[in-house]
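Please read it with the sequence and the model open beside you.

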2 protein chains.
Amino acid sequence: MDRRDFILSGSLAYAGLIINANNIYSSTIKEFKTGNKMKLSFKPYELQLKHTFTLANSSRTTTPDVQVKIDYQGYTAYGEASLPPYLGETPDSVCKFLSKVDLGQFKDPFLLEDILDYVDKIEDGNKAAKASVDIALHDLIGKLVKKPLYKLWGLNPDHTPNTSFTIGIDTPEMIRQKVAEASQFKILKVKLGRDNDREIITAIRSVSNVPICVDVNQGWSDKQKALDMIFWLKEQGIVFVEQPLPKELIDDMAWLTEHSPLPTIADEAFQRLTDVIKFKDVYSGINIKLMKSTGLREAHKMINIARALDMKVMIGCMTETSCAVSAAAQLSPLVDWADLDGNLLISNDLYKGMQVIDGKVTLNNWDGIGVKLI
Amino acid sequence: MDRRDFILSGSLAYAGLIINANNIYSSTIKEFKTGNKMKLSFKPYELQLKHTFTLANSSRTTTPDVQVKIDYQGYTAYGEASLPPYLGETPDSVCKFLSKVDLGQFKDPFLLEDILDYVDKIEDGNKAAKASVDIALHDLIGKLVKKPLYKLWGLNPDHTPNTSFTIGIDTPEMIRQKVAEASQFKILKVKLGRDNDREIITAIRSVSNVPICVDVNQGWSDKQKALDMIFWLKEQGIVFVEQPLPKELIDDMAWLTEHSPLPTIADEAFQRLTDVIKFKDVYSGINIKLMKSTGLREAHKMINIARALDMKVMIGCMTETSCAVSAAAQLSPLVDWADLDGNLLISNDLYKGMQVIDGKVTLNNWDGIGVKLI
């Protein structure tokens, strides 16, 4: 069984995990004639959520996903595109995009700037698809030089933050149950933005005093009401408020940040590097996610730029396997807050990788992004 | 003869180069009990200039310098502090600073963020001293993973720019001679800012049509006269104008940049990362030098930030050996313009490293900063 068959069938089947029955994309997997060129392969994979995931405007029990690998000189490197439906990419769009990516034309995976520039220019958008290539290339480079990425970036793994754990919108009774299950976490994250915001916070506070981050997902519309709510939230021990207003309301958002007693964090309001520079005095900080930033390289630059603007930085994720979560965790010694619980929200992870120990993001010393197939 | 003796006497004497006679600092060289810790050593070294170097307000025939190395696990890594007198550091101040740097407390050279943060906080200022440690640490890391730094940063060595070659202020006759000697260069750099600016440019244009960068070193004081001169310079095929006005004249500089037909580049006006963000709409770009940025790590971040601000970037140097110049050259695939001729201006280089071939910065494939002792 060659490496290609391994990821296509062996490892996933071995792990006893659910695979999309209709493997419509296997025919698009690229083959190259020489063993000394990078080989990219990819496979849709449906993430099973432990709890129904409810945002302000939708709920779901699965997340579409594409698993990616690059084979090169005997090394296998992993990447992933997680595809929450509201972001617009699908397994179909990702696989179509990846089928256009010809890594074999590059003689050397260390030409990251060129390769990722080429990938970025293949087509607009496709940010998660691009991230999957970026993650696998970074994994490959770490494996080639036999170092975890955090070492190559000069970071101290002891400086990782605690990660928040997301408590989805639910009934007060279910929320209390979820909070009890999350007792190891030193910080919780709660989705607000519907008509029961105070009820949710009160339900959590009835069973826990841990700090809480609030993610409104653009769910509030009136800046004055938002400010009143933020003052109330501050009294409840909330740490920051993420994306309180619709992303288009720049002036309202600047007003809210100026008056807010809590830091405000941009999420849906930005995508790429060039957006960050506009946020000085609009938000207090940014939530960087690999599936939006097109991967680690641009995420790393975003952190540097946010710091130069005196902005707070958090690193977040989608529901993902430990692959993309562990990749993001490599950058976490640089951030103020982490929301890296995506792998903990699914029941069919494919990898061992970054762990949460006593609530803290805990990096291993494995090369690259720090994952191994289960 | 151990490695320490080698750099203290052997290699420099072997190279037949001039060494400061009074080695007053050898007693400050640090020794550590275990062979598994980083050992920092350093030595003043006087750079001999091929031509008397004339700026707007001074001239000299030597540049003070301190050579640095780090020994670790059988590897020797090199760094350098170049100390043009107008920047305020001296061999004495550098050696005193370096004698306080205890690298032995860090178990791992890959903890760059921690180590350089520690070094930065030992004392304010001392930017060239700090750069010498940063350069040697980067050299060490590249050697440990057996890669040139540009590879670790994902850069393509083919994308290096041409370097300019500096023609010092001199008589028209000497200028014509210097330009003739610089015939391999595709771009020249000229120091202006005295009363003979047009004469100098005219002298060069009488023998050469190559593009010219102009460095005024704050030598002009009136913004309207500066603008008139820049319009004239544009007609003469000048590429950009560096530090035309005194660094304090922020508003005048913003006006000049707005009206200038050529890009304006900040040099003396900034030092550290946090300064760059203030320059949007004040200058068109920045000239990054390792001896001001405290080394490669901050220089790399500066480039990212300047790019996010849509600013031009050049990378420059002092009169230096091939050590610091080759270190800066590792970043040069990311910049618009390079002014990396410092090693070519001295007669007593200590290293082989980056080369200028047909006017272009040409990187070798040696590990780390890419230098070997001559």
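**Notes on the two chains**

1. A:K121 is exposed, at a relative accessible area of 63%; here buried means under 20% relative accessible area, exposed over 50%, and partly exposed in between, calculated with a 1.4 Å probe on protein chains only. A:K121 forms a salt bridge with A:D117, their closest N and O atoms being 3.0 Å apart, where a salt bridge is a side-chain nitrogen of Lys or Arg within 4 Å of a carboxyl oxygen of Asp or Glu. Both residues lie in helix 3 of chain A, 4 residues apart, which is about one turn of the helix. A:D117, at 36% relative accessibility, counts as partly exposed. Helices (H or I, at least four residues) and strands (E, at least two) are DSSP runs, numbered from the N terminus.

2. Some conventions apply throughout. This is a predicted model, in which local features need pLDDT of at least 70 and side-chain atom pairs count only at pLDDT 80 or more, whereas totals for chains, interfaces and linings use all residues. Residues are numbered from 1 along each chain as its sequence is written, chains are lettered from A and ligands numbered from 1 in the order in which they are written, and side-chain values use heavy atoms, with hydrogens and water left out.

3. How many residues of chain A are in contact with chain B? There are 24 residues of chain A in contact with 24 residues of chain B, contact meaning heavy atoms within 4.5 Å. The area buried between the two chains is about 2100 Å², with carbon and sulfur atoms giving 60%; buried area is the accessible area (1.4 Å probe) that two parts lose on being put together, summed over both.

4. Across the interface of chain A and chain B the rule finds 2 salt bridges, and the side chains of A:K151 and B:D108 meet in a salt bridge with an N to O distance of 2.6 Å. The rule also finds 12 residue pairs in polar contact across this interface, both residues being at pLDDT 80 or more. A polar contact is a pair of N or O atoms within 3.5 Å; within protein, one must be able to donate a hydrogen and the other to accept it, and residues adjacent in sequence count only if both atoms are side-chain atoms.

5. On the side of chain A that touches chain B, the elements that give two or more residues are helix 3 (112–122), helix 5 (149–152) and helix 12 (296–308) of chain A. Helix 12 of chain A provides the largest share, 5 residues. By class, this side has 13 nonpolar, 4 polar and 7 charged residues, with Ala, Val, Leu, Ile, Met, Phe, Trp, Tyr, Cys and Pro counted as nonpolar, Asp, Glu, Lys and Arg as charged, and the others, Gly among them, as polar.

6. A:N304 lies in helix 12 of chain A and is buried, with a relative accessible area of 11%. Not counting residues up to four places away in sequence, A:N304 touches B:K301, B:N304 and B:I305.

7. Within chain B, the side chains of B:E113 and B:K301 meet in a salt bridge (3.6 Å, N to O). This pair links distant parts of the chain, with B:E113 in helix 3 and B:K301 in helix 12 of chain B, 188 residues apart. B:E113 counts as partly exposed, at 23% relative accessibility.

8. Strand 9 (residues 285–289) of chain A is mostly covered, 5 of its 5 residues being buried. Its faces are both covered, with A:G285, A:N287 and A:K289 on one side and A:I286 and A:I288 on the other. Strand 9 pairs with strand 8 (residues 264–266) of chain A in the parallel sense over 2 bridges, and 5 bridges join strand 9 to strand 10 (residues 312–316) of chain A, again running parallel. Two strands pair if DSSP finds at least two bridges between them. A:I286 is the bridge partner of A:A266 and stands opposite A:V313 in strand 10 of chain A.
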